[in-house]
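Me: I have a structure open and want to know what stands behind the terms used to describe it. Please set each value against its cut-off.

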Amino acid sequence: MPEVASPGAPGTTAAPRGTGVWNMGLRFGGQDQAVAAAVAVEECGYNAVWLPDMGGDGLFERLDALLTATARITVATGILNIWMHDPAEVVDRFAKLDAAHGGRLLLGLGASHAPIVDQSEAGRYRKPLTKMVEFLDVLDSASPPEPANPRVPGRSEERRVGKECRSRW
């Protein structure tokens, strides 16, 4: 289990402390290379690996592979693009992975950037704060709410989110 700070809001734990590695290859490179890299990161004493997400299939399968190959580190989405995933599916997949891997999965959420989101549908990227709140509402309405671990907003979301939403993270 990763070292954690004091719990935050009720029903959440704090994010792991220490240093992690974010790398595109962990998500979009070959699976054997990504697994080997995550194992090496863990062996070098880092506390986490972070996987980016720009949509597409295979995110949860890659998270599972990295969690299965490692024993101690946190595996995190950095960030899970809220425009490109169904929140109900995220609840289901997160709960299964988190339970199977001892709470080492961390869900980082973000609204990404208009040019990325609008590639599949022009004009789709509108009202990112509203979209984030709607996404969180689905996570919060699950029984129990998912994730039990902290949700980590992308840095740009942190600046946009009002006080009423910050207490949810």
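This is a predicted model: local features need pLDDT of at least 70, side-chain atom pairs count only at pLDDT 80 or more; totals for chains, interfaces and linings use all residues.

Me: Why is Asp53 with Arg27 called a salt bridge?

Reply: The rule asks for a side-chain nitrogen of Lys or Arg within 4 Å of a carboxyl oxygen of Asp or Glu. In Asp53 and Arg27 the closest N and O atoms are 3.5 Å apart, so the pair meets the rule. By this rule there are four salt bridges.

Me: What makes Asp53 and Arg27 a link between distant parts of the chain?

Reply: Asp53 sits in the loop between strand 2 (48-51) and helix 3 (59-69), while Arg27 belongs to helix 1 (residues 24-28). The two are 26 residues apart.

Me: Are Asp53 and Arg27 buried or exposed, and how do you know?

Reply: Buried means under 20% relative accessible area. Asp53 has 4% and Arg27 has 6%, so both count as buried.

Me: How do you know that Arg93 forms a salt bridge with Glu61, and which parts does the pair tie together?

Reply: The closest N and O atoms of Arg93 and Glu61 are 2.7 Å apart, and the limit is 4 Å, so the pair counts as a salt bridge. Arg93 lies in helix 4 (residues 87-100) and Glu61 in helix 3, so parts 32 residues apart in sequence are tied together. Glu61 and Arg93 also belong, with Glu89, to a network of salt bridges.

Me: Why are Arg93 and Glu61 put in the class they are in for accessibility?

Reply: Partly exposed is the class between buried, under 20%, and exposed, over 50%. Arg93 has a relative accessible area of 24% and Glu61 has 43%, so each is partly exposed.

Me: Why do Lys96 and Asp92 carry the accessibility labels they do?

Reply: Exposed means over 50%. Lys96 has 53%, so Lys96 is exposed. Asp92 has 36%, so Asp92 is partly exposed.

Me: How do you know that strand 2 pairs with strand 1 and with strand 3?

Reply: Pairing needs at least two bridges between the strands. Strand 1 (residues 20-22) and strand 2 are joined by three bridges, and strand 2 and strand 3 (residues 74-77) by four, so both pairs qualify. Strands 1 and 2 run parallel, and strands 2 and 3 run parallel. Trp50 of strand 2 stands opposite Trp22, and the bridge partner of Trp50 in strand 3 is Ala76. From strand 2 the chain passes through helix 3 to strand 3 in a right-handed β-α-β crossover.

Me: Why is Asn47 called buried although its place is in a loop?

Reply: The loop runs between helix 2 (31-43) and strand 2. Asn47 is at 17% relative accessibility, under the 20% limit, so the residue counts as buried. Leaving out residues up to four places away in sequence, Asn47 touches Arg17, Gly18, Thr19, Arg72, Ile73 and Thr74.

Me: What makes Thr74 buried, and where is Thr74?

Reply: Thr74 is in strand 3. Its relative accessibility is 3%, under 20%, so Thr74 is buried. Thr74 and Arg104 are 30 residues apart in sequence, yet 4.6 Å apart in space, C-alpha to C-alpha.

Me: Which residues touch the most other members of the largest nonpolar core, and which element gives the most to this core?

Reply: The core has 31 residues, and Val49, Leu63, Leu66, Leu80 and Leu109 touch the most other members. Helix 3 gives the most, with five residues. Leu66 has contacts that include Leu26, Val49 and Val75. In soluble globular proteins, nonpolar side chains tend to be buried together.

Key
Residues are numbered from 1 along each chain as its sequence is written. Side-chain values use heavy atoms; hydrogens and water are left out. Buried means under 20% relative accessible area, exposed over 50%, partly exposed in between (1.4 Å probe, protein chains only). A crossover is right-handed if, with the strands pointing away from the viewer, the path from the first strand over the helix to the second runs clockwise. Contact means heavy atoms within 4.5 Å. A nonpolar core is a set of buried Ala, Val, Leu, Ile, Met, Phe, Trp, Tyr and Cys residues joined through side-chain atoms within 4.5 Å.
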